[in-house]
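Open the model in your viewer and keep the sequence panel beside it. This tour says what to select at each stop and what is there.

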Amino acid sequence: MTGDLLLPLPRQVRPSAAETAERYVHRLAEANHLRPSYLRLLLTTPPNSLGSIQLDKLAMLAGRAPANLVRVLPELAPRTRTPGRTRENEARKTLNEQRKRERFAAIRYDARLGMSIRALATKHHVSRRTVGKALQSEIPPPRKKIERQPTVLLGLREHIDAMLEADPAITAATIWQRLHDEHDATPSYPAVRTYITTRRTTRPQAPRLIDELPAVPATRRPADAPPQAATEEAAVRLLQLAFLEIRILTSAAHDNQSAEALDQRHQRANEIADICHDLTPWLDPHRRNNLADGLRHQWRSAGTRQRRWLQARFDQLGYDHRWLTELTPQTPPTNTDS
Amino acid sequence: MVTSPGTVAGWRQAIETADDHRHLSTLPGWRRFTTETVTAPDLLPRQRFSSLDNAGRANYNELRLDYHTRLAAVATSTLRHVITTGRRLTLLNRHAVSARRGLILSGPAGTGKTTAITQFGKTHQAIDAARHPGLTDRIPVLYVTVPPAATPRMVAAEFARFLGLPITSRANITDIIEAVCGVAVDTRVSVVAVDEIHNLALSTRNGADVSDTLKYFSERIPATFLYAGIDVEKAGLFSGVRGSQIAGRFTVIPTNPFPRTSEWTSLIATIENSLRLQHHRTDTLVGLADYLHQRTAGMIGSLSHLIRGAALDAILTGTEKITRKLLDAVDLDHAAQNHARHPHAARRP
């Protein structure tokens with residue numbers, strides 16, 4: 001085979017709209033008893049490079065018209081770039097950040113006038129958490145970077161890790177080839193290469209699971225700290241009880257009562273919600289170490305009725321809460337005791 | 001390709017598509033060869049021929065030139081023998097699990113070995129198509145030629161090239177053999193024709209390796225193997241351990257120059273009947289049978305070349321008939337020329 005001329009393969013398979021172009025190439029290779037990686041490398045420009053599938057070459061090998069292939073596998077259509085799209089996106093981002101700074105400034109201004117957090121949130125159409133952030137700093141925190149792992153490598157990382165372990169000097173291209181030929185997988189070369197680069201540059205990490213705790217930091221825990229597991233358990237159960245109680249308090253079964261009684265109920269529900277509001281973020285696997293500190297802060301800033309509620313629920317759960325309830329409250333017990 | 005009389009576009013299309021994959025050793029070329037039927041154009045009545053204008057005459061001449069360049073093969077006794085034997089062997093091998101029998105065509109150059117082997121392939125393909133109507137993904141016949149100074153990889157690549165499997169320098173021989181055998185089994189290859197087998201010298205290391213590769217192919221592909229080559233007995237194909245195995249499995253059909261017999265005359269008559277010349281008188285060539293035998297030394301390849309060449313000259317010059325003078329003007333291959341000069345010297349391939 002010389003030059004760019006490719007002849008139709010002797011065995012043909014029909015492309016399906018339910019598959020990717022990579023999968024179609026795999027099926028074509030299998031029907032013709034060729035290595036999938038070998039056939040895949042023929043379809044790039046220049047040949048034997050690790051680029052994307054070229055429509056005209058695949059059409060020649062498949063013995064089909066390019067237009068027909070594109071109709072079934074639209075991803076093969078040559079990509080067109082809108083000129084100026086990147087600049088447009090950048091401009092939008094700058095504008096967005098500027099608006100965020102302006103809003104933070106407005107919130108801080110109103111806060112200095114003595115508005116409550118709840119009132120600020122209502123006025124500026126933001127969540128109370130955003131108000132909290134605005135009060136902490138006048139510069140909005142940068143957007144969180146979402147760590148997404150390419151799904152194409154799902155179930156393949158173990159194999160890649162094993163290959164890297166068996167031969168640390170193995171090239172990304174070899175791994176890509178072996179994944180195609182031995183594991184019937186169709187990852188793109190860049191996806192494999194990026195993963196291998198991160199694996200080589202960062203220390204190996206255990207797979208992140210939602211329920212798994214991060215490694216405990218080396219710093220010693222304070223002597224008066226409560227037992228971590230029991231506190232977590234109690235916090236979760238507390239949250240559960242709070243939900244139930246709010247549900248009962250706001251239930252439609254009480255609608256026929258007087259407006260005053262209804263108001264009281266809603267106030268009570270709000271109080272419970274306020275205590276438990278921060279429990280969920282503290283239960284985040286990365287922040288669980290701060291759970292005790294958070295509860296302490298909550299206890300100190302809570303009103304009498306809220307404190308009573310907390311104590312009663314901890315008793316109900318059979319949790320030893322003396323480390324918390326023996327603390328002196330920060331706020332005078334009168335401000336919420338109405 | 002159909003060149004039916006009257007279709008002006010027929011020869012034009014034939015010439016325009018002549019270049020792309022017209023080799024027998026590729027699948028599209030082979031398929032075109034096996035499905036091609038050459039239809040003889042009708043001769044115009046004398047008055048209409050003489051009243052043709054320039055453009056009309058050019059069209060008419062082109063149509064006939066195209067026809068004469070690819071006259072149908074003549075069913076000689078050797079050809080019939082090959083087809084009968086080959087057919088018998090394919091049937092015998094149909095259920096053989098190993099040690100399939102094969103066929104070797106051996107003889108001097110120009111005695112019609114390639115024609116016989118390809119005509120058998122064509123026949124076999126037609127039989128297969130009749131048995132499996134409507135199936136287009138079958139490849140009943142695989143036709144390859146052994147390249148000179150062949151290595152096993154080159155031979156395996158020839159097989160792959162016929163099937164249309166893409167072979168680059170990256171492919172190793174194991175991958176190629178695996179792909180060829182897999183596809184051959186899937187597409188139900190039942191006849192493998194290997195031409196120019198004399199390029200394989202068993203006495204050399206490469207030749208022996210190629211022979212082993214062919215042997216391996218014959219084990220993996222359930223097909224009847226046909227070899228054709230120039231004087232393969234003398235080339236040492238049957239000597240040594242490998243040779244004795246080949247000798248034990250293969251029937252040899254020798255192809256020889258035609259003796260000056262009645263078959264030679266009838267052969268010439270068949271070719272003459274297929275000519276389409278305006279003023280040619282029947283039996284002119286039959287009368288020249290002795291002369292033709294002397295000129296071509298009974299080689300069917302040379303005979304076909306001589307008569308077709310003379311026919312083309314007759315059309316181009318406008319004489320529209322073949323005469324002894326016209327035949328004299330056609331230059332033949334070196335071997336035939338030598339023979340005509342020294343008729344009693346032994347002919348060497």
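**Stop 1: a loop in chain A**

Select Asn48(A), in the loop between α2 and α3 of chain A. Helices (H or I, at least four residues) and strands (E, at least two) are DSSP runs, numbered from the N terminus. Asn48(A) is not a glycine, yet its phi is positive, about 65°. With 11 C-beta neighbours inside 10 Å, Asn48(A) counts as exposed. The cut-offs: a residue is buried if 20 or more other C-beta atoms lie within 10 Å of its own, exposed if 12 or fewer, and partly exposed in between, with C-beta atoms placed from the backbone.

A note on what you are looking at: this is a predicted model, where local features need pLDDT of at least 70, side-chain atom pairs count only at pLDDT 80 or more, and totals for chains, interfaces and linings use all residues. Residues are numbered from 1 along each chain as its sequence is written, while chains are lettered from A and ligands numbered from 1 in the order in which they are written.

Now pick Pro46(A), in the loop between α2 (36–42) and α3 (55–62) of chain A. Thr45(A) and Pro46(A) are joined by a cis peptide bond, with omega about -10°. Most residues other than glycine have a negative phi, and most peptide bonds are trans.

Go on to His125(A), in the loop between α6 (117–124) and α7 of chain A. Its phi is also positive, near 55°. Is His125(A) buried or exposed? His125(A) counts as exposed, with 8 C-beta neighbours inside 10 Å.

**Stop 2: two crossing helices in chain A**

Show helix α5 (residues 85–112) and helix α7 (residues 128–136) of chain A. They pack at an angle of about 85°, with axes 9 Å apart. That makes α5(A) roughly perpendicular to α7(A). Axes are lines fitted to C-alpha atoms, for helices over the stretch in contact, and angles run from 0 to 180 degrees between N-to-C directions. Angles of 65 to 115 degrees count as roughly perpendicular, under 35 as roughly parallel, over 145 as roughly antiparallel and the rest as oblique.

α5(A) brings Phe104(A), Ile107(A), Arg108(A) and Ala111(A), and α7(A) brings Val131(A), Ala134(A) and Leu135(A). Contact requires C-beta atoms, placed from the backbone, within 7 Å. By class, the contact of α5(A) with α7(A) has 6 nonpolar, no polar and 1 charged residues. Here Ala, Val, Leu, Ile, Met, Phe, Trp, Tyr, Cys and Pro are nonpolar, Asp, Glu, Lys and Arg charged, and the others, Gly among them, polar.

Zoom out to the whole chain. Chain A has 16 helices and 0 strands. Of its 338 residues, 19% count as buried.

**Stop 3: the sheet of chain B**

Switch to chain B. An open sheet of 5 strands runs in the order β2-β3-β4-β1-β5, with parallel pairing. The edge strands are β2 and β5 (250–254), each pairing on one side only. Two strands pair if DSSP finds at least two bridges between them. Neighbouring strands are turned by 15° against each other on average, direction ignored.

Select strand β2 (residues 141–145) of chain B. 5 of its 5 residues are buried, so it is largely enclosed by the rest of the structure. Val141(B), Tyr143(B) and Thr145(B) point one way, Leu142(B) and Val144(B) the other.

β2(B) and β3(B) pair in the parallel sense over 5 bridges. Val141(B) has Val191(B) as its bridge partner, and Leu142(B) has Val192(B).

**Stop 4: helix α6 of chain B**

Select residues 113–131 of chain B. Helix α6 has 19 residues and reaches 27 Å from first C-alpha to last, close to the 27 Å expected at 1.5 Å a residue. The expected span is 1.5 Å times one less than the number of residues. Its buried residues include Lys113(B), Ile117(B), Phe120(B) and His124(B). The buried residues of α6(B) pack against α2 (27–35), α5 (77–92), β1 (102–107), β2, β3 and β4 (224–230) of chain B.

**Stop 5: Met299(B)**

Finish in the loop between α13 (289–296) and α14 (300–317) of chain B, at Met299(B). Met299(B) is buried, with 26 other C-beta atoms within 10 Å. Which residues does Met299(B) touch, not counting residues up to four places away in sequence? Gly110(B), Thr111(B), Pro257(B) and Ala336(B).

Note on methods: Two residues are in contact if their C-beta atoms, placed from the backbone, lie within 7 Å.
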